[in-house]
Amino acid sequence: MVNWDDIRGQAAATRLLKGALASGRVAHAYLFTGPRGVGKTTVARIFAAGLVCEGPDGSVRPCGRCGACDDALAFRHPDVVRLEPDGDVIRIEQIRALKRRAGLKPSRGRRQVFLVEPAEAAGEAAQNALLKVLEEPLGPSVFVLIAHQETFLLPTVVSRCVHVRFQRLSREAAAAILRERLGYGDAAELAAALGNGSISQATRFPPEDLRERRSAAVALLERLWASDPGAALEEARNWYERRDELMETLEFVQLWLRDLLICRTRPKSAAEPGRWLINFDRAADISARAERVSGEALFGSLSAIREVRRQLDKNANVRHAVDVLFLELAARGRKAAGPKE
Ligand SMILES: [Zn+2]
């Protein structure tokens, strides 16, 4: 059963909420903000369970042992109400229904908890209606608004809430979650690096898919390094219409190049080279390849990729960008293939 110990990398947020549960000084409204996939919904679920928990006085909440905890964590407790968009938006009628509901007595416990996610799905009129609900505390209700993009919230709404900020996860924290809870095994580091601090980003690809995509990306890099300019341009044509796939492939290539560089530059004495690598499930291949590639080729290839990704982020012409990149990689490859200088 999920509980506070399962939350990683959000020390400030969990301290604040655990403190409120322990002291019983619970605010009327909370606003959780932060990027997608860093644990906001999971924390909201645990907090809601803590608020309706029927464990003995003085126990840590949620106790994780009572029926109320069970039901709240599974989102089937009658006093834990989720408000989600109807289609893409949260409508003013939904807010009015929520207000009526908040005026009623809790059906089972001491309080009702309302989770609104994502809060920014409410337009201005709906947010104004929500503001009225927040301004006049109705019964023993606690509101938790969850927002991925707080810039879309009215300042008046934000100011009515205790603001709880969630951070991007460190790579270590994300890798631990992926390894221990999501079954990523030795692909956890790679998924975490691709996720850039967000679990939802990191889990874009299931572990097997991740390994396949990486293999394809590494094969492309090796092919280009071995190409003459004509063959590189020929290869480029395959990518003109595949912008998103190209961006994704380049991410894998970048992480691979990074690992080759680390392997090549680490002191000979450093034990366990694998533990510094993102692709550590392929440590042996990386270490062998790093022996046969120049640092200059690695740095050159990396900076060319970084530059092209930057341009593509700004919607540059894919054709031109991919032609130049692949020619550059082919040129670098002549150095990459040579013996270690
Ligand atoms: Zn409980």
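**Before you start**

Residues are numbered from 1 along each chain, in the order its sequence is written. The model is predicted, so local features need pLDDT of at least 70, side-chain atom pairs count only at pLDDT 80 or more, and totals for chains, interfaces and linings use all residues. Helices (H or I, at least four residues) and strands (E, at least two) are DSSP runs, numbered from the N terminus.

**Stop 1: the two domains**

Colour residues 4-167 and 205-336 separately. The domain assignment calls them domain 1 and domain 2. Such bounds come from an automatic or database domain assignment. The C-alpha centres of domain 1 and domain 2 lie 44 Å apart.

**Stop 2: helix 1 and helix 2**

Select residues 11-23, helix 1, and residues 40-52, helix 2. Their axes are 10 Å apart and the packing angle is about 10°. Axes are lines fitted to C-alpha atoms, for helices over the stretch in contact, and angles run from 0 to 180 degrees between N-to-C directions. Helix 1 is thus roughly parallel to helix 2. Angles under 35 degrees count as roughly parallel, over 145 as roughly antiparallel, 65 to 115 as roughly perpendicular and the rest as oblique.

Now show the side chains where they meet. Helix 1 brings Ala13, Thr14, Leu17 and Leu21, and helix 2 brings Val43, Phe47 and Gly50. Two residues are in contact if their C-beta atoms, placed from the backbone, lie within 7 Å.

**Stop 3: two cis peptide bonds**

Go to Arg61 and Pro62. A cis peptide bond joins them, with omega about -5°. Pro62 sits in the loop between helix 2 and helix 3 (67-73).

Next, pick Glu117 and Pro118. Here too the peptide bond is cis, and omega is about -10°. Pro118 is in the loop between strand 3 (112-116) and helix 5 (124-135).

**Stop 4: Phe75**

Select Phe75, in the loop between helix 3 and strand 2 (80-83). Its phi is near 60°, a positive value in a residue other than glycine. Phe75 counts as partly exposed, with 13 C-beta neighbours inside 10 Å. A residue is buried if 20 or more other C-beta atoms lie within 10 Å of its own, exposed if 12 or fewer, and partly exposed in between; C-beta atoms are placed from the backbone.

**Stop 5: Gln167**

Find Gln167 in the loop between strand 5 (162-165) and helix 7. Gln167 has 16 other C-beta atoms within 10 Å, so this residue is partly exposed. Which residues does Gln167 touch, not counting those up to four places away in sequence? They are Gly9, Gln10, Gly34 and Val38. Gln167 and Thr33 are 134 residues apart along the chain, yet their C-alpha atoms are separated by 8.8 Å.

**Stop 6: helix 8**

Select residues 188-195. In this helix, helix 8, 8 of its 8 residues are buried. They pack against helix 7 (171-180), helix 9 (199-202), helix 10 and helix 12.

**Stop 7: helix 10**

Select residues 207-225. Helix 10 has 19 residues and reaches 27 Å from its first C-alpha to its last, close to the 27 Å expected at 1.5 Å a residue. The expected span is 1.5 Å times one less than the number of residues.

Colour the buried residues: Leu210, Arg214, Val218, Leu220, Leu221, Leu224 and Trp225. They cover an arc of only 155° around the axis, which puts them on the same side of helix 10. The arc is that of the directions from the helix axis to the C-beta atoms. Turn to the face away from the buried side for the exposed Glu208, Asp209, Glu212, Ser215 and Ala219.

**Stop 8: helix 12 across helix 10**

The axes of helix 10 and helix 12 come within 9 Å and cross at roughly 75°. The two helices are therefore roughly perpendicular to each other. Among the residues that meet are Arg213 and Ala217 in helix 10, and Phe252 and Trp256 in helix 12.

Gln254 is partly exposed, with 19 C-beta neighbours inside 10 Å. Beyond its neighbours within four places in sequence, Gln254 is in contact with Leu302 and Ile305.

**Last stop: Asn315**

End at the loop between helix 14 (295-313) and helix 15 (318-336), which holds Asn315. Asn315 is not a glycine, but its phi is positive, about 65°. Asn315 is exposed, with 8 other C-beta atoms within 10 Å.
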